[in-house]
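Please look over the sequence and the model that follow, and then read on for a guided account of how the parts pack and pair.

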Amino acid sequence: MKPRGVVVNMIPGLPAHLLFMCVRYADYLNDATKLKSLMNAIISGIKQVITDHQEDFETLSFWLSNSCHMLNCLKQYSGEEEFMKHNTARQNKNCLKNFDLSEHRQIFSDLAIRIHHQFTTVMENNLMPMIVPGMLEHESLQGISSMKPTGFRKRSSSIYEDTEVYTISSILQQLGYFHTAMCQHGMDPELIKQAVKQLFYLIGAVALNSIFLRKDMCSCRKGMQIRCNLSYLEEWLKEKNLQQSNAMDTMEPLSQAAWLLQVNKSTDEDAKEICARCSGLSAVQIVKILNSYTPIDDFEKRVSPSFVRKVQSILQEREGNPQLMLDAKYRFQVTFPFNPSPQALEVIQVPSSLKLGFLTRI
């Protein structure tokens, strides 16, 4: 089963529902051997597909979505009161009658975590080369309207050729590609939010680390450019109705760094405001940016050593991580919320495009 081409018009999690209906039939027959064999075949089959397509984002997204739907089906039709209360009366008649598959729920949860890890790695690997050029190096202040996403060719999981110049539009297009695929695969909305939050964290961390390492990124103009690009990312979240993902919260340190590059840095009042406003940055990070600040025209001044000392004295009381660099490989813990399907099993139709003619409704 290939994700592209067969999933657009399917109900969310159709493969998972079909697999569960086979499980339910084995339960109906009260055949423990058949049920065990079927569950083992499903799990090993998904593992094999994931092993064979470790770099294929769409396959990983498709089976992450369906593994989670399968996990939900095993809960929804378990016959346990805490899950049955979400069902219609007809759905409750379809609950398992003879076997307790709670142990298999843990196996599917572990499998989904494994797929999710690889799924996230593939997204990060494709986004990574775009971050510093798109967020920091490319001059986007001329206006992004002329760079709005147009058509693109798919190349593995990245939508770009290696020789292309990356811009903020490149990042937005890549995020859009990931989001569209996840939606087409019927992925749980909460999982999509978690994925987007993880990607935004990566963008923020990689961009901020580059600022710490490169003096040419520490100017007022760069601060303006970063804030401009952050506004485009925030607008993208609004367009996709993903404000509740808390993705922008992960960008707060980068946003504060961009603000720090733009503000006055000379008086005692400036020092107090910087310390108050940059709560998402450690003392080490604030001082590093101040020392690296590089004027690019005659209207700007270098930050005086005495001003840096003022800031340091105010920040003495601040507790925080003494590390300068952010951990770009940090992963938020993934959760798979129970989200019962409204789909009635007895009315599910198998699209001919799936070529599953051997399946018979009983």
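In helix 10, the residues Cys220, Lys222, Gly223, Gln225, Ile226, Cys228, Asn229, Leu230, Tyr232, Leu233, Trp236 and Leu237 are buried, where buried means under 20% relative accessible area, exposed means over 50% and partly exposed covers what is in between, with a 1.4 Å probe and protein chains only. Helices here are DSSP runs of H or I with at least four residues, numbered from the N terminus. The model is a predicted one, in which local features need pLDDT of at least 70 and side-chain atom pairs count only at pLDDT 80 or more, while totals for chains, interfaces and linings use all residues. Residues are numbered from 1 along each chain as its sequence is written, and side-chain values use heavy atoms, with hydrogens and water left out.

The buried residues of helix 10 pack against helix 7, helix 8, helix 9 and helix 11 (252-262), contact being defined as heavy atoms within 4.5 Å. Helix 10 has 20 residues and reaches 29 Å from its first C-alpha to its last, close to the 28 Å expected at 1.5 Å a residue, the expected span being 1.5 Å times one less than the number of residues. Just after helix 10, Asn241 takes a positive phi of about 60°.

Leu233 of helix 10 is buried, and together with Phe108 and Met135 it touches the most other members of the largest nonpolar core, which has 104 residues. Such a core is a set of buried Ala, Val, Leu, Ile, Met, Phe, Trp, Tyr and Cys residues joined through side-chain atoms within 4.5 Å. Helix 9 (residues 189-213) gives the most to this core, with 15 residues. Leaving aside residues up to four places away in sequence, Phe108 touches Met39, Ile42, Ile43, Ile46, Ser67, Met70, Leu71 and Leu74.

A search of the whole structure finds ten salt bridges, each being a side-chain nitrogen of Lys or Arg within 4 Å of a carboxyl oxygen of Asp or Glu. One of them joins Arg221 to Glu139, with the closest N and O atoms 3.1 Å apart. Arg221 lies in helix 10 (residues 220-239) and Glu139 in the loop between helix 7 (102-137) and helix 8 (168-184), so the pair ties together parts that are 82 residues apart in sequence. Arg221 is partly exposed, with a relative accessible area of 31%, and Glu139 is partly exposed at 31%. Asp216 forms a salt bridge with Arg214, whose closest N and O atoms are 2.9 Å apart, and Glu137 is linked with Arg214 and Asp216 in a network of salt bridges.

The structure holds twelve aromatic pairs, in which rings of Phe, Tyr and Trp (its six-membered ring) have centres within 6.5 Å, with planes under 30 degrees apart counted as stacked, over 60 as edge-to-face and the rest as tilted. Among them, Phe62 and Trp63 are edge-to-face, at 5.2 Å centre to centre and 90° between the planes, and both Phe62 and Trp63 are buried. The rings of Tyr177 and Phe178 have their centres 5.7 Å apart and their planes at 45°, so that pair is tilted. Tyr177 is buried, with a relative accessible area of 7%, as is Phe178, at 1%; Tyr177 and Phe178 form one aromatic cluster with Phe57 and Phe119.

Terms used:
Helix = DSSP H or I, 4+ residues; strand = E, 2+ residues; numbered from the N terminus.
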